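This report describes a protein chain for a reader who is meeting its structure for the first time. Please study the sequence and the structure shown below before reading on.

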Amino acid sequence: MTEAGLLDTLDADDRRRLLAATHRRRFAAGEVIFHEGDRGESVHLIERGHVAIRVGTPLGDVATLAILGPGSAFGELALLDGGERRSASAVAMGPTETRVIDHDAFDALRRDHPQTERFLVELLATQVRRLTELAVEAMFVPADSRVLRRLLVVATQFGDADGTVVPLTQDDLASLAGTTRPTANRVLKRAEADGLLRLARGRIEILDTAQLSKRAK
Ligand code: CMP
């Protein structure tokens with residue numbers, strides 16, 4: 001659910017109070033918003049830009065779990081129990097602006113206005129729905145299709161027409177799809193040979209969304 005959708009779960013007064021309790025933060029391209037393992041004391045609502053959520057793997061690599069855009073929220077675990085360790089790192093993919101609410105401010109709000117809790121419940125429910133969808137996909141959709149599905153989902157976050165440039169590396173896409181880089185590379189090369197996309201360093205240009213969608217089925 002988007003931030004607007006999340007905020008829509010609150011009535012106008014609660015929404016206003018919640019937004020009034022936030023402060024704005026700006027991040028440059030590539031800036032780390034927080035690191036995995038940091039103490040988490042605030043949740044971010046993305047107003048502008050995109051954020052990559054990344055974790056360190058047991059083999060010492062970095063895996064990209066999700067790309068979040070305007071309207072999404074991250075860092076919600078901090079609202080549950082102030083000071084919890086961050087479960088992942090958050091990195092600004094380009095110039096990014098977020099509205100931040102601190103654990104203490106959120107706690108005060110829900111103490112005085114218990115209906116504010118609805119925001120947190122919806123935020124968590126959104127994550128559960130999304131992760132369930134991904135788990136089903138990981139179990140029942142072949143890796144080749146997953147690579148294209150993830151690419152198309154991320155592409156919609158950056159534009160909705162052919163010609164959209166998705167600022168993902170092949171490593172990013174492989175981990176988003178839960179597969180290896182060689183698999184992602186093979187699928188992308190074939191799509192490129194068929195004129196459906198163009199590969200460049202650190203980005204993928206979508207040339208034929210309709211055909212890619214067919215192939216992703
Ligand atoms: P938190 O643990 O406070 O900080 C890292 C944040 O990344 C976490 O809250 C979630 O908001 C987000 N996050 C963690 N795992 C995932 C995931 N698999 N997909 C999307 N977002 C995630």
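## The end of the chain

K217 is exposed, because its relative accessible area is 74% and a residue counts as exposed over 50%. This residue lies in the segment after helix 9. K217 and V141 are 76 residues apart in sequence, yet their C-alpha atoms are 8.7 Å apart in space. The model described here is predicted.

## The chain as a whole

The protein chain contains nine helices and 11 strands. Its radius of gyration is 18 Å, close to the 17 Å that the globule rule gives for 217 residues, so the chain is as compact as a globular protein of that length. Taken along the principal axes, the box filled by its C-alpha atoms is roughly 60 × 35 × 35 Å.

Of the 217 residues, 43% count as buried. The chain exposes about 11,100 Å², and 52% of this area is supplied by carbon and sulfur atoms. Among contacts in the chain with a separation of 6 or more, 69% are between residues 24 or more positions apart.

In which order do the strands of the open sheet stand? The order is 1-8-3-6, and the pairing of these four strands is antiparallel. Strand 1 (23-27) and strand 6 (73-74) stand at the edges; each has a single partner strand, so one side of each is left without a neighbour in the sheet.

Strand 3 (residues 42-48) and strand 8 (residues 96-102) are paired over six bridges in the antiparallel sense. R48 has E97, in strand 8, as its bridge partner.

Strand 4 (residues 51-56) and strand 5 run antiparallel and are joined by six bridges. V55 is the bridge partner of A63, which belongs to strand 5. The hairpin of these two strands has five residues between the strands, and in this hairpin G60 takes a positive phi near 90°.

Why is strand 5 (residues 62-68) described as largely enclosed by the rest of the structure? The reason is that five of its seven residues are buried.

R110 lies in helix 4 (residues 103-112). Is R110 buried or exposed? Its relative accessibility is 19%, and because the limit for a buried residue is under 20%, R110 counts as buried.

The side chain of R110 is joined to the side chain of D107 by a polar contact of 3.1 Å. Not counting residues up to four places away in sequence, R110 touches L79, L80, T116, E117 and L120.

## The largest nonpolar core

In soluble globular proteins, nonpolar side chains tend to be buried together. The largest nonpolar core of this model has 25 residues, and the members that touch the most others are L151, L197 and L212. At least two residues of this core come from each of helix 6 (143-158), helix 7 (170-177), helix 8 (181-193), strand 10 (197-200), strand 11 (203-206) and helix 9 (209-216). Helix 6 gives the most, with six residues.

Which residues does L197 contact, leaving aside its neighbours within four places in sequence? L197 is in contact with L151, L188, A191, E192, I204, E205, I206, L207 and L212.

Technical notes: Residues are numbered from 1 along each chain as its sequence is written. This is a predicted model: local features need pLDDT of at least 70, side-chain atom pairs count only at pLDDT 80 or more; totals for chains, interfaces and linings use all residues. Side-chain values use heavy atoms; hydrogens and water are left out. Buried means under 20% relative accessible area, exposed over 50%, partly exposed in between (1.4 Å probe, protein chains only). Two strands pair if DSSP finds at least two bridges between them. A nonpolar core is a set of buried Ala, Val, Leu, Ile, Met, Phe, Trp, Tyr and Cys residues joined through side-chain atoms within 4.5 Å. Contact means heavy atoms within 4.5 Å. The radius of gyration is taken over C-alpha atoms; the globule rule is 2.2 Å times the number of residues to the power 0.38. Accessible areas come from the Shrake-Rupley method with a 1.4 Å probe; for residues, only the protein chains shown count as cover. A polar contact is a pair of N or O atoms within 3.5 Å; within protein, one must be able to donate a hydrogen and the other to accept it, and residues adjacent in sequence count only if both atoms are side-chain atoms.
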